[in-house]
Amino acid sequence: NNKTIDIRYYVIITFNIDKLNVYLFKEGYKRICENNYNLNDEESIIVNRNKNNLYITLDKTQPDYFVITKSVINIVKKTFISVIKNNKLKLISHQKGYNILGLDFIQDINDKIWFIEANHSPTLNDERIINISKKLIESVVDISESLLLHKPINNENLYKII
């Protein structure tokens, strides 16, 4: 409808004694620009610059959720396999913990999903995504507990990618 849209999903990377796991948090969101698309107006092209944009939670109730999520999973898997293969993530033998990344995507006019960027310190305190943030933090707490207790991570809010 002549609006710019971007899509945010969160990835949680866990480190546990030379082992790396990558999880995709199942819920994401679409940011829809309030302004009509105009190539000469930066505010209408870069969605996260405008505070009045519409945020729509991407969960299983959205009609395009599974199509978008499947594409996102494929992109995340290929990306992290490449990063690991090319030795871009170095693990220290005693390292344990996690990292949250905010991954941004766009959907073109043909519904193809494109990866834009990874944010190593994504904002989680925006009131428009508070429900997603709470579930994400709960998942991180579950992961942390599992790592500390050497238990398998079993969380219904995550897709295990690697």
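**Figure 1. Asp6, Arg8, Arg31 and Asp104 are linked in a network of salt bridges.** The view is taken from a predicted model, in which the count of salt bridges comes to six.

**Figure 2. Lysine 135 forms a salt bridge with glutamate 27.** The closest N and O atoms of lysine 135 and glutamate 27 are 2.7 Å apart. Here too the pair links distant parts of the chain, with lysine 135 in helix H3 and glutamate 27 in the loop between strand E2 (20–25) and E3, 108 residues apart. Lysine 135 counts as partly exposed at 33% relative accessibility, whereas glutamate 27, at 13%, counts as buried.

**Figure 3. A salt bridge joins the side chains of lysine 30 and aspartate 64.** The distance from N to O in this salt bridge is 2.7 Å. Lysine 30 lies in strand E3 and aspartate 64 in the loop between strand E4 (54–58) and helix H2 (65–85), so the pair ties together parts that are 34 residues apart in sequence. Lysine 30 is buried, with a relative accessible area of 12%, while aspartate 64 counts as partly exposed at 22% relative accessibility.

**Figure 4. Leucine 136 is buried in the predicted model, with a relative accessible area of 0%.** Leucine 136 has its place in helix H3, which covers residues 130–149. When residues up to four places away in sequence are not counted, leucine 136 touches Tyr10, Ile12, Phe25, Ile100 and Leu124. One of these contacts, phenylalanine 25, is 111 residues apart from leucine 136 in sequence, yet the two are 6.9 Å apart in space, C-alpha to C-alpha.

**Figure 5. Threonine 14 is found in strand E1 and is buried, with a relative accessible area of 1%.** Leaving aside residues up to four places away in sequence, threonine 14 touches Lys19, Leu20, Asn21 and Tyr23, together with Gly97, Tyr98, Ile143, Leu147 and Ile153.

**Figure 6. The largest pocket has a volume of about 340 Å³.** The lining of the largest pocket includes Asn1, Asn2, Lys3, Thr4 and Ile5. Ile32 also lines the largest pocket, as do Ile106, Gln107, Asp108, Ile109 and Asp111.

**Figure 7. Ile106, Trp114 and Ile116 form a nonpolar patch on the surface.** Together, the residues of this patch have about 270 Å² of accessible area. Tryptophan 114 is found in strand E6, residues 113–119, and tryptophan 114 is partly exposed, with a relative accessible area of 41%. Ile106 belongs to this patch and is also among the residues that line the largest pocket.

**Figure 8. Aspartate 111 and histidine 150 have positive phi values.** Most residues other than glycine have a negative phi. In aspartate 111, however, phi is near 70 degrees, and this residue is found in the loop between E5 and E6. Aspartate 111 is also one of the residues lining the largest pocket. Histidine 150 has a positive phi of about 55 degrees although it is not a glycine, and histidine 150 is found in the loop between H3 and strand E7 (158–160). Histidine 150 is exposed, with a relative accessible area of 58%.

**Figure 9. Aspartate 41 is found in the loop between strand E3 (28–36) and helix H1 (42–45).** At 26% relative accessibility, aspartate 41 counts as partly exposed. Aspartate 41 and tyrosine 65 are 24 residues apart along the chain, and their C-alpha atoms are separated by 29 Å.

Methods
Residues numbered from 1 in each chain as written. Predicted model: local features only at pLDDT ≥ 70, side-chain atom pairs only at ≥ 80, totals over all residues. Heavy atoms only, no water. Patch = residues over 30% accessible without salt bridge, like charges linked within 9 Å, V, L, I, M, F, W, Y side chains within 5 Å. Areas by Shrake-Rupley, 256 points an atom, 1.4 Å probe, with all protein chains shown as cover. Salt bridge = Lys/Arg side-chain N within 4 Å of Asp/Glu carboxyl O. Helix = DSSP H or I, 4+ residues; strand = E, 2+ residues; numbered from the N terminus. Buried < 20%, exposed > 50% of the residue type's maximum accessible area, 1.4 Å probe, protein only. Contact = heavy atoms within 4.5 Å. 1 Å grid on protein atoms, 1.4 Å probe; cavity = no way out; pocket = protein on both sides within 12 Å on 5 of 7 lines; lining within 4 Å. Points joined across faces, edges and corners; volume = space filled by probe spheres on them.
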